[in-house]
Every structure is written in structure tokens, then in C-alpha cells.
Amino acid sequence: MTDLKNFLNNLNEKLNINQIDAIKHEDGPALVLAGAGSGKTRVLTIKIASLIKNKKCGTNELLALTFTNKASKEMIFRISKILGSKLDFPWMGTFHSISYKILRMNFELLKGNYNSNFSIYDPTDQLKIIKNIIKINDLDLNKYEPSRIRGKIDSLKNSLLYDEWEFEDDKEEQIIKTYQSKLESLNAMDFGDLILKFYELLTINKNFKERIQKLFKYVFVDEYQDTNIIQFRLINIISSINKNLFAVGDEDQSIYGWRGANIENILQFKKFYPETKIYKLEQNYRSTPQILNVSNLLISNNSERLEKNMWTENVKKENVKLWSFNDDREEAKHIAREIMKNLDLYKYEDVAVFYRTNAQSRVLEEELRKANIKYKIYGNISFYERSEVKDCISFLKFIVNPDDEIAFDRIINLPSRGIGKKTIEKIKKISIQEDQNYYKSFSYIIENNIFSKKIIKSLELLKNSINNFKKNLDEFSSVSESFEKFLIDLGYFDYLKDDDKLGNVSEFLNYIAEFELSSDSNDISDFLNSLMLSSSTDEMVDSQSFVTLMTVHLSKGLEFPCVYVVGIEEGLFPHSRSMYSTSEIEEERRLCYVAFTRAISSLNLSYCKMRRMFGSITYASMSQFLDEIIESDDLLEINAISETTSNERVFHYKFGNGFIDTNDNDNFEDVVTVVFDSGIKKKVFVSDLEEIE
DNA sequence: GAGAGATGTATTTTT
DNA sequence: TACATCTCTC
């Protein structure tokens, strides 16, 4: 204990009493309820650092699970900083990457014919397999909608219902079971399998279970409110001997229920772990009192909560603003002008705009571009989803795992060399007949001269290129160089032509080179799978000058001095598809709460009466969430003038008070002429005006 | 087998 | 409106 005191005294960080209590927690289960902006990462990292420093456990005896790569990198960085040296934490990472690592080390324990080079299939790959199965079995794609089936497969896996599930009908059951055996035969796993198979090993293999349970003296889980059923069980088993489970989360920020996150895991934590100590971090260090008050008021409408009251010592600044607009374009224009207007207070990188759906980003993008404001939109397509990058990945996947049918389909005729549908079917048949992987069946086909000269030549090119790649790899042992040669051999660069795409491919080659340098292995499987398990926000670059645009979901964990939350309308936020039950509404409210609590100094909310969606116009009213906060003293309601009338008294941020002279709305630009008290007569934008009573 | 036009579809998506 | 995917034709 004195060790810990010394350690804490020597820290540069200031901690409050509750944070210190949580860090001092010794053994046994603990739940840290950490509200938005309460310094939970600080607690988590100092806690881990103190364990290492005081030799309570080694870096390899500690399991720390996060939901994003970004979060685990951040943790490793901060722990290293506290301890003053760069340490390696082999078991700190996302649920999926840790499971992958463990499965790869123990693949021989897996049932089926998995080998260590198994592929990871992303949701797109899943869909392809499902579609194939439906087509092959001549079933109706409308009745057995692939994406619905995929959703079902995922939820069967993450809620552990696979064995007891009652299927809609035999056909659906057949599709789902075929899907699963198909993946096994392709030496592939989907995201759900990574966790499920780890879980299965723990439940089936007693030796394995005991090894894992003994290995991890301490188990940490970040964002505990987002764990699903299988993750709960996994954590439960792993920590059941040493009982040192340290979970950190905030039930008010549980926003992934629709992906299987089970909020009951955090709400009922005490029930599952009766000897739990609960620590609450209720002091908010991030936001102004106004922002916090409005957020608290909003979330107080939820019932799925634990008792927790956020407060702050921060100084008061401006009130939260609520703007109403005629339509989405006015809203976007207004934001662009506000950003320009407040540039002395908030630089581009201080500003973020959050929306409920990706489709809303377009108008915003257009208006920001017109105003010459630099911005970056997150979440649309991540780097690895670009077609040329997927091509490269598929080449490598196929080389590493020649059973991988999805990769095979993508690259067998890439670039086009005359191998079509029919030929592909035949190759597949031969592979099955000869019980060989696709790569081996190339040799078989070539030796037996099964196809036309043209096709044989084409297959030979692919086969030789792969051989050369392997040979080069042995000689130079550089994956990136060998792979570049491979792409040249195949004529892939000539086929691409497009400069942007070529650029992306060379960036991909850099990625490989970087991976080879930074990690000790030049193992292609490891590289591919780390790529499969990465996401768009992992690449997030900060400290660059642009406004951030993203969905509210992506904003979790971030903070910005100035935040705009747009489109807070009934039917959009809460979304019309999430309004069927109270718990859905509550999740939408939590989402809204997450959006609000990202703001440090300035929070600007808005809604529109009219919105263009998919070409047609929809009308909406103010969101119920705004109704819930509108009476707050910390909220300032501003009506951007919509129907302007002559002689109306108005205020303009630059020119002051004045009277509207004429209404010159041209091309929906919403412009009026105002005679200002200073005598100036000027055309101005309606959305820059405020009504004066 | 490849490209051109037709059709359908659009919530969020940590891995 | 905008995009991916499907279908049809050459």
C-alpha cells in the first residue's frame, strides 16, 4: 500500500478523491462508473501503471480489452508515459484482435480444418457467401434477404443462441448452417467467430481454460456498457479464478444495442458479481456548466440507468444555443457562416459537426466547400474498403490462404485475362473433385491441359506470379517489395491507370513496409488480419486544421471546443426506425447525450422544418429530446427568421440592429435587404439575422 | 465475357 | 439524389 501511495505522490497528474479510490482498489471485481469527461482513461491507465510499477503483475499477465484499436493504442501510450518507458503489453487490445491472437496461437485446438493462416471475413465478405448460398440453392433473394440473414448470424453468435435457436423455417436454417460450414471449409472466420471460437475453446477444453485463467491475473474492460452477451461470458470465465475484473463504463453512453451490446451487463453488474465494489466518477472536467446541465436534463428522462450525478467546477460560458431553420440548406449555410464568424474563438480543428445519418453530410459538405472551410468527413469509406486496396488484400489473402473462395473470386480474373463465369465454376468443381485448394488445382489444370490454350496461359501467369512472389520473399524477405513485383508481373498497375488508385496502392505498399518495420514479424497473415480488424477512425489525424464532420456514433470518446448537432428532428433523431419501443428511444436519447457531452465550451443545436431526403422533401417537427430541454435556463432558443416581412426589427452579428426593407429571395438563397440603424442598406443572409422582440 | 443501361434502395456500424 | 448491383445485349 505504501508503494502505491509513493507511486501516486510521484505522479504529475492531479486526481480527485474518487479517482484515487478507484485506483487504490485492490483485488476482487470492481465497476467504475465513469461519466462523460470524468477522466476514466486517466484512472484506467494509472491503475495499470501502478500494478506494473509495484510488480503486482507482469505486462504479459494483464488482459485489457477495448472496443477500438485507437483506445488500446492510446492506453499503451499513456501507460508508457507514466512509467517513463515504452512497454509491450501483448494482451492489451480489442476483443477481436486479442481473440485472433489467441486463436492463432492455439489453432490446432480448433475443430474443423483450420490452420494458422485462416482468413478473417468482413461484413461484405459475409454477404457474398450468403448470397452465393441462396443462389446455389435456388431460393428467393427477397424472402431470404442476405443482409437480414447476416444480422441473424451475427446475433446468434454474439448472444450464444446458435444451438437453441428456432429458425423461421427449414430453408433459413439450411442457409445459416451452410454458411457456417462453408466458412470452416474456406479456412475463414467472420468477426463473430473470432470471439465465439475463443469462447468455445474456453468451454470445451479444460486445459486451455485453466491456462488462460491462470495467465491473466488482472482483467480490465473499457466501455463495459457496450459488451454483448458472449463478451460478458468470456470475461466472466477468464476472470473467475483470480477474480480481478476491473470494468469501466457509463450506462448513459451505451449506443450499440442494435449491434448486440447488452446494457444489462452494466446495469446488473452487482448482481453478477455480488462482491463488487462500485466507484463513481461524477466530476466532469470537460464541459461548461450549461452544457452539462442541459445534458443531465436530457438523460434524466431515461429509466435504464444507475444512480449517477455529473457535476463540474468549470466556469460558466455561453448558454447552449438552439436554432430552428426552414430547411437543411439554411442550417448548413448558417453553420458555415458561424464557423467563419467565430474563427478568432474556434479554429477549424476546434469545431465538429455531428449528425444522425451519413446522408446528412452532403449539404453540409457543399456549404462548407462554398465557404472555403477545410473539413474532413469521417466514416464514409475506410482506406481498406477502396476497391484497389481490397484487390491487393485479396491477392495476399489468396496467396496466404488458397482455400479463401472470396479472395479467389475477386482475383482469379484480375486484371481481366479472359476467365469468366463458366471457367470459374469449372475450376471450383475441379477443386472439389480433386479435394485440393484453388492454388493446387491450377497446377492440376495446367498439367492435364483441361482448358483452352488462352485460359491455360492465363492461369499459368497467375500461378507463376504467385511462385515468384514466394521465391522473392525468401530471397529479399521484404513483403512490400516482393508484392510490388507481383503486381507488376500481373500487369495490375497498367490495368489501374487512375492516379488516385495508383496512389492508394503505393500507400498500401507503404503500410506493409511499415508493418514489417514496426512489428517483429513479416508474417502476411498477421498483417492482413490487423488490417481487417482496423477501422476508419483509427487513422484519425488530429492537430490538423479542418472541421470534423461525423455521425454521432463515431463521436463517442472525442471532445471538441465547439460542437454543432444538426437535424434534431422527430423521425431523424430519434430515428423513425428506432421509435418502436421505450428502450429504443432510450438508446437514441443516450446517443443524443453522447453528442451533447462532446462539447467543451460551445454547444449549438438545430432542427429544420423541412429537409430534402433522397430527392424528395420531408417535413418534421422538433425532436422530443429538444422538448425535454427547452425549458432549461441554460438554453437559448433562437429562431432564424424564415418568413420575413418588411419593417421587421432584426439583429445582424456584424451590422447591428435594423429593419427589413425588401425580401429578395433569389434561387432559394434567402437574402433580404436590411436598412441598419447605422444608415447602411445591405443585402444579407436571412440566417445571419435574429428576430428582435 | 464485357460494358451499357435499368433497377432498387437508402440508420447507426467500435471489429 | 446517388449509388451499387443486376440484367441485358452485343
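Modeller: A residue counts as buried when its relative accessible area is under 20%, as exposed when that value is over 50%, and as partly exposed in between. Please keep in mind that what stands above is a predicted model.

Colleague: With that in hand, are Arg-356 and Glu-588 buried or exposed?

Modeller: Arg-356 is buried, and Glu-588 is buried as well. Their side chains meet in a salt bridge, with 2.7 Å from N to O. This pair links distant parts of the chain, since Arg-356 sits in the loop between strand E10 (351-355) and helix H16 (361-370), while Glu-588 belongs to helix H27 (residues 582-596), 232 residues apart.

Colleague: How many salt bridges does the structure hold?

Modeller: A salt bridge is counted where a side-chain nitrogen of Lys or Arg lies within 4 Å of a carboxyl oxygen of Asp or Glu, and the structure holds 41 of them. One of them joins Arg-104 to Asp-526, whose closest N and O atoms are 2.8 Å apart. Here too the pair links distant parts of the chain, with Arg-104 in helix H5 (residues 95-105) and Asp-526 in helix H25 (residues 524-532), 422 residues apart.

Colleague: Which burial classes do Arg-104 and Asp-526 fall into?

Modeller: Arg-104 has a relative accessible area of 13% and is therefore buried, whereas Asp-526, at 24% relative accessibility, counts as partly exposed.

Colleague: Which residue does Glu-628 meet in a salt bridge?

Modeller: The side chain of Glu-628 meets that of Arg-589, at 2.8 Å from N to O. Because Glu-628 lies in helix H28 (residues 624-629) and Arg-589 in helix H27, the pair ties together parts that are 39 residues apart in sequence. Arg-589 has 6% relative accessibility, so this residue counts as buried. Salt bridges can also join into a network, as they do for Lys-40, Asp-222, Glu-223, Asp-226 and Lys-556.

Colleague: What should I look at when two helices pack together, and at what angle do the axes of H6 and H8 cross?

Modeller: Two packed helices are described by the angle between their axes and by the distance between those axes. The axes of helix H6 (residues 123-136) and helix H8 (residues 170-185) come within 10 Å and cross at roughly 125°, which means that H6 is oblique to H8. The crossing in which H6 passes H8 is right-handed.

Colleague: Turning to the backbone, where is there a cis peptide bond?

Modeller: A cis peptide bond joins Phe-573 and Pro-574, with omega about 10°, and Pro-574 is found in the loop between strand E13 (560-565) and H27.

Colleague: Which residues other than glycine have a positive phi?

Modeller: Among them is Lys-55, whose phi is about 55°; this residue lies in the loop between helix H3 (40-53) and strand E2 (62-66), and its relative accessible area of 73% makes it exposed. Asp-435 also has a positive phi, near 50°. Asp-435 lies in the loop between helix H19 (421-433) and helix H20 (438-447) and is exposed, with a relative accessible area of 69%.

Colleague: Finally, which residues surround DNA strand C?

Modeller: DNA strand C is surrounded by Lys-131, Arg-362, Phe-614 and Gly-615. By class, the residues of the surface near DNA strand C divide into one nonpolar, one polar and two charged. Looking from the DNA side, of the atoms of DNA strand C within 4 Å of the protein, 50% belong to sugar or phosphate, and the rest belong to bases.

Key. Residues numbered from 1 in each chain as written. Chains lettered and ligands numbered in written order. Predicted model: local features only at pLDDT ≥ 70, side-chain atom pairs only at ≥ 80, totals over all residues. Heavy atoms only, no water. Near = heavy atom within 4 Å. Nonpolar A, V, L, I, M, F, W, Y, C, P; charged D, E, K, R; others polar. Helix = DSSP H or I, 4+ residues; strand = E, 2+ residues; numbered from the N terminus. Buried < 20%, exposed > 50% of the residue type's maximum accessible area, 1.4 Å probe, protein only. Axes fitted to C-alpha atoms, helices over the stretch in contact; angles between N-to-C directions. Parallel < 35°, antiparallel > 145°, perpendicular 65-115°, else oblique. Left-handed = near helix turned anticlockwise from the far one by under 90°.
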